[in-house]
Amino acid sequence: MFESILELFGLEKETAQDYAKGIRDSHYIVKREYHNFDFCICENIKNWDKKSPEEYIPGRVLLVLENKFKSIPYKEQLMEYQNKVIKLNEEGRKNIAKSKYASSANNVPNRWNKSLYQQFLPSDITCHYVLLSLAEEVCGLTIEGQKSQRFIQTADKNKWHFVTYKEYSEKLKEQVQNQSEFKCNLISDYASYIDTFCVYLN
């Protein structure tokens with residue numbers, strides 16, 4: 001079910017399967033309100049800092065979902081989140097390099113040492129952005145593309161995949177037949193709750 005939702009959010013099928021499997025295997029981690037992101041998926045990496053109580057720390061941010069149920073999205077906020085991801089992912093790359101270096105060394109310097117870590121640096125990745133909106137039209141933002149493949153362009157190479165709560169509700173309803181009775185009732189009630197607001201607003 002989670003894979004189908006990720007595909008609704010614009011991920012390719014193979015990527016959605018990889019993320020779902022990575023979460024099950026603890027290679028990736030789901031975070032809520034991480035640096036004010038409503039929902040995101042991050043790499044889950046071994047903490048290189050032996051002084052820290054945390055065994056694992058978030059690495060690079062793979063997916064960000066901005067949830068707009070009670071408020072209206074605006075371009076400046078979306079761009080602010082993208083800039084934040086760029087900084088977090090650069091720090092994440094360094095933490096991955098430190099973590100890999102730590103597996104072969106007893107001591108890891110806190111300060112960045114390019115000569116030590118350069119060989120362990122992973123390549124850059126492209127974060128996937130999703131805007132989940134109760135409103136089907138958003139003032140001040142241009143929504144491009146066709147249904148199920150709509151997006152909002154905010155910078156030269158960055159865009160937010162645009163999904164409405166109505167589409168989200170429809171996808172949930174498609175998935176309930178494969179769930180237990182309890183989950184089926186829970187998901188159906190949640191979908192009906194969404195539909196009520198969709199009708200009222202749109």
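This tour steps through salt bridges and one serine in the structure above.

**Before you start**

The model is predicted: local features need pLDDT of at least 70, side-chain atom pairs count only at pLDDT 80 or more, and totals for chains, interfaces and linings use all residues. Residues are numbered from 1 along each chain as its sequence is written, and side-chain values use heavy atoms, with hydrogens and water left out.

**The charged pairs**

Side chains of opposite charge can pair when their charged atoms come close. A salt bridge here is a side-chain nitrogen of Lys or Arg within 4 Å of a carboxyl oxygen of Asp or Glu. Searching the whole structure turns up 10 salt bridges.

**Stop 1: E66 and K68**

Select E66 and K68. Their side chains form a salt bridge, 3.2 Å from N to O. Are these residues buried or exposed? E66 is buried at 2% relative accessible area. K68 is buried too, at 6%. Buried means under 20% relative accessible area, exposed means over 50%, and partly exposed lies in between (1.4 Å probe, protein chains only).

**Stop 2: E90 and R93**

Move to helix 3, residues 75–102. Helices are DSSP runs of H or I with at least four residues, numbered from the N terminus. Pick E90 and R93. Their closest N and O atoms are 3.2 Å apart, in a salt bridge. The two sit three residues apart in the helix, so about one helical turn separates them. E90 is partly exposed, at 33% relative accessible area. R93 is buried, at 14%.

**Stop 3: K173 and D195**

Now select K173 and D195. This salt bridge brings N and O to 2.5 Å at their closest. K173 belongs to helix 5 (residues 165–175) and D195 to helix 6 (residues 181–201), so the pair ties together parts that are 22 residues apart in sequence. K173 is partly exposed, with 42% relative accessibility. D195 is partly exposed as well, at 21%.

Salt bridges that share partners join E90, R93 and D124 into one network.

**Stop 4: S169**

Stay with helix 5 and click S169. What does the S169 side chain reach? It reaches the backbone oxygen of A191, at 3.4 Å. S169 is buried, with 0% relative accessible area.

Which residues does S169 touch, leaving out those up to four places away in sequence? They are A191, I194 and D195. Contact means heavy atoms within 4.5 Å. D195 is also the salt-bridge partner of K173.

How values were computed:
Polar contact = N/O pair within 3.5 Å; in protein donor to acceptor, adjacent residues only side chain to side chain.
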